Amino acid sequence: MSDKPKIGISIGDINGIGLEIIIKTLADNRIYDYCTPIVYGHTKVASFHRRATDVNEFNFNVIDHPANAQHRKANMINCWEEDVKIEPGQVTAEGGKYAYISLQRATDDLLTGNIDGLVTAPINKDNIQNEEFSFPGHTEYLQHRDSKTESLMFLVSETLRVGVVTGHIPVSKIAESITTDKIVHKLKLMNASLQDDFWVRKPKIAVLGLNPHAGDNGLIGSEEKDIIIPAIEESRNNDVLAFGPYPADGFFANGTYMQFDAVLAMYHDQGLIPFKQIAFESGVNYTAGLSFVRTSPDHGTAYDIAGKNRASAVSFREALFTAIHLIKHRRETAELNENPLVFAKLSRDRD
């Protein structure tokens with residue numbers, strides 16, 4: 001690419017596997033043919049995690065602003081000055097504090113256009129909480145920073161794409177949180193993302209039911225008849241090819257998902273459990289519906305293997321390349337929309 005995107009990378013919890021998978025990914029020099037990575041963290045913390053890996057000849061190029069990034073190097077912006085105590089595998093206040101500082105600085109540069117996209121390493125959703133971060137996770141924080149009322153948690157891979165109507169909320173609140181309007185809006189976001197970000201011309205979207213057997217015609221709950229089916233019908237009337245509702249168990253077990261471009265699940269585990277079973281290492285978490293591109297690996301901090309050189313970088317690498325491709329698609333879509341072909345109605349008359 002002649003206009004390689006600058007990809008910001010937040011390091012996640014310093015006691016998790018974030019920096020290990022970042023370093024393992026950026027140690028492959030082929031990455032720099034496609035993007036200019038900028039990691040938001042600190043070189044001392046990065047050096048600690050590098051020593052725990054089998055990556056030897058690797059160093060970060062320290063910069064103070066994305067404009068100074070070197071295109072053939074792994075760049076790092078030091079986001080704090082003080083020394084930090086690193087305890088791999090431990091949940092500490094420091095782990096959350098510096099995960100937030102990294103994320104905040106990267107998001108600031110993202111919103112001002114200093115970087116073109118963001119890849120986030122895993123955070124701990126508990127220890128990151130503070131006065132400025134009172135959100136269930138990355139998705140809600142970035143939606144807030146982008147001043148959006150809705151976004152879509154969209155898990156994507158080569159074989160399966162799954163979005164969710166409700167995200168990080170208690171199971172006890174799922175049913176009351178699902179409305180026809182919310183499903184319609186999520187389907188609209190998903191359809192637009194499939195067209196603009198993934199270049200699927202006429203997406204076919206499957207919608208899952210909420211109850212076992214998709215309610216069994218009202219015998220096991222009325223949400224399908226009262227909420228989900230009306231949402232599907234309204235969406236179809238607005239040129240969104242939505243189908244369902246399908247019982248979740250059989251839908252994934254018999255491979256029906258392969259007949260669709262994406263699947264809208266009603267809640268987090270209904271969609272993410274089968275997704276991670278089918279596409280665990282190759283899966284990517286994408287936040288659709290925002291003004292910028294943000295991706296992440298589809299796993300967590302993995303405290304149990306942190307600092308042991310056992311973390312796989314496959315999902316993080318997929319997240320990085322997915323961000324690159326989505327930025328490219330958005331750029332090309334914007335260029336096409338700037339100069340559309342003039343529509344002229346054909347006439348039967350001949351001169």
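This is a predicted model: local features need pLDDT of at least 70, side-chain atom pairs count only at pLDDT 80 or more; totals for chains, interfaces and linings use all residues.
Local features were taken at pLDDT of at least 70 and side-chain atom pairs at pLDDT 80 or more, while totals for chains, interfaces and linings use all residues. Residues are numbered from 1 along each chain, and side-chain values use heavy atoms, without hydrogens or water.

Helices (H or I, at least four residues) and strands (E, at least two) are DSSP runs numbered from the N terminus. An open sheet of mixed pairing is formed by 12 strands, in the order β3-β4-β2-β1-β5-β12-β11-β6-β7-β10-β8-β9; two strands pair if DSSP finds at least two bridges between them. The edges are β3 (61–63) and β9 (241–246), and each has a single partner strand, so one side of each lacks a neighbour in the sheet. On average, neighbouring strands are turned by 25 degrees against each other, direction ignored. Strands β5 (residues 117–120) and β12 (residues 293–297) run parallel and are joined by 3 bridges; L118 has R294 of β12 as its bridge partner.

Helix α10 packs on this sheet, touching β1 (6–10), β5, β6, β11 and β12 (contact: heavy atoms within 4.5 Å). The direction of α10 makes about 165 degrees with that of β12; angles run from 0 to 180 degrees between N-to-C directions, and axes are lines fitted to C-alpha atoms, for helices over the stretch in contact.

The axes of α1 (residues 18–26) and α10 (residues 314–338) come within 9 Å and cross at roughly 65 degrees. I21, I22, T25 and L26 of α1 meet F316, R317 and L320 of α10 in this contact.
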